[in-house]
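Okay, thanks everyone, I'll keep this short. Let me put the sequence and the model up on the screen, and then I'll walk you through a few things.

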Amino acid sequence: MSAIHFIGLGLSKRFLTNAALQTLRNCDVIYFDFYTSLSCDLSPESLAEITGKKVVSATRDLLERREREILLHLENGKDVCIATVGDPMIATTHVSLFTEAVRRGHEAKVIPGLSVHCYAISRSMLSSYKFGKSVTITFPVSGKLDFTPYNVIKQNRDRGLHTIVYLDLKEDMVMTAQLAISYLLKMEDELKERVISEDDLVVIGERLGCQDERMRALRMSEALATDFGKPPHIIIIPARNLYDMEVEALKCLS
Ligand SMILES: C[S@@+](CC[C@H](N)C(=O)[O-])C[C@H]1O[C@@H](n2cnc3c(N)ncnc32)[C@H](O)[C@@H]1O
């Protein structure tokens, strides 16, 4: 029986755990999930250097539509590692590969990694008990915006909850926080349900886990006019009924 390991690498090299490294070094085949997240210094090349092993770049097509190629390694008695920036099971799509490996009688394990989800909550200092459903803003398809993020933010705000907003990542395009804010304001312009206002506070995380990371709380109107530098970026839309301590905490972000 072979084993498949889903390994969280954390957000950058300095968040790689011993558990992740030891498991990677014992794997016969290492895939680097190249499409569910981005890091300032983790790449197939840097992982090959750290582990001393060959690392294969895995596209969405390979991990989601050509699973059979990966499963074949297991059938051939090899242990496989799928390495993901952040955590392998938070805001990613690897569960079906896990369950399929188990269905075929292989061992499957998860080594959690520091996720941008936890990192952003911690750095924002907003109450972790007050986060609702998270959501992703996607690029328009044929010029049409998907309004799901607007509706999720509305549901969370109606319940006094904060929203974590991930930004779309394509193989050739990465959404910036500035563009995402402009999409949210466009949605408000169209639906007019008073979910988003230019005066609202928004929290933006830039390149979290990297040397030049930043976490700032700004008004929407200021965010719209700000260049946040290189992605990845993440957005938190805070609830409108902030605790006093949360208001003070946001003032300390810079
Ligand atoms: C689909 S999520 C994947 C999250 C990943 N599985 C994890 O646990 O960290 C990817 C999105 O999270 C955000 N993100 C990921 N890493 C980030 C970072 N270091 N700084 C800011 N945002 C980040 C970006 O919006 C990016 O497009």
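I'll start with the overall layout and then zoom in on one residue. Just so we're clear, this is a predicted model.

So, the layout. Where the two touch, domain 1 puts in 11 residues and domain 2 puts in 13 residues. And what does the side of domain 1 that touches domain 2 look like by class? Eight residues there are nonpolar, three are polar, and no charged residues turn up.

Next, the annotation. UniProt, in an unreviewed entry, has "domain: Tetrapyrrole methylase" over residues 4-222. Across residues 4-222 we get 36% helix and 20% strand, with the end C-alpha atoms 46 Å apart.

Now the residue I wanted to show you, Ser2. You'll find Ser2 in the segment before strand S1, which runs 3-8. So is Ser2 buried or exposed? Ser2 is buried, because 20 other C-beta atoms lie within 10 Å, and 20 or more is the cut-off for calling a residue buried.

Who's around Ser2, then? Setting aside neighbours within four places in sequence, Ser2 is in contact with Leu74, Gly77, Lys78, Asp79 and His106. There's also Val80: 78 residues separate Ser2 and Val80 along the chain, yet their C-alpha atoms are 8.1 Å apart.

Key
Residues are numbered from 1 along each chain as its sequence is written. This is a predicted model: local features need pLDDT of at least 70, side-chain atom pairs count only at pLDDT 80 or more; totals for chains, interfaces and linings use all residues. Helices (H or I, at least four residues) and strands (E, at least two) are DSSP runs, numbered from the N terminus. A residue is buried if 20 or more other C-beta atoms lie within 10 Å of its own, exposed if 12 or fewer, and partly exposed in between; C-beta atoms are placed from the backbone. Two residues are in contact if their C-beta atoms, placed from the backbone, lie within 7 Å. Ala, Val, Leu, Ile, Met, Phe, Trp, Tyr, Cys and Pro count as nonpolar, Asp, Glu, Lys and Arg as charged, and the others, Gly among them, as polar. UniProt positions are given in the numbering used here, feature names are shortened, and annotations may be inferred rather than shown by experiment.
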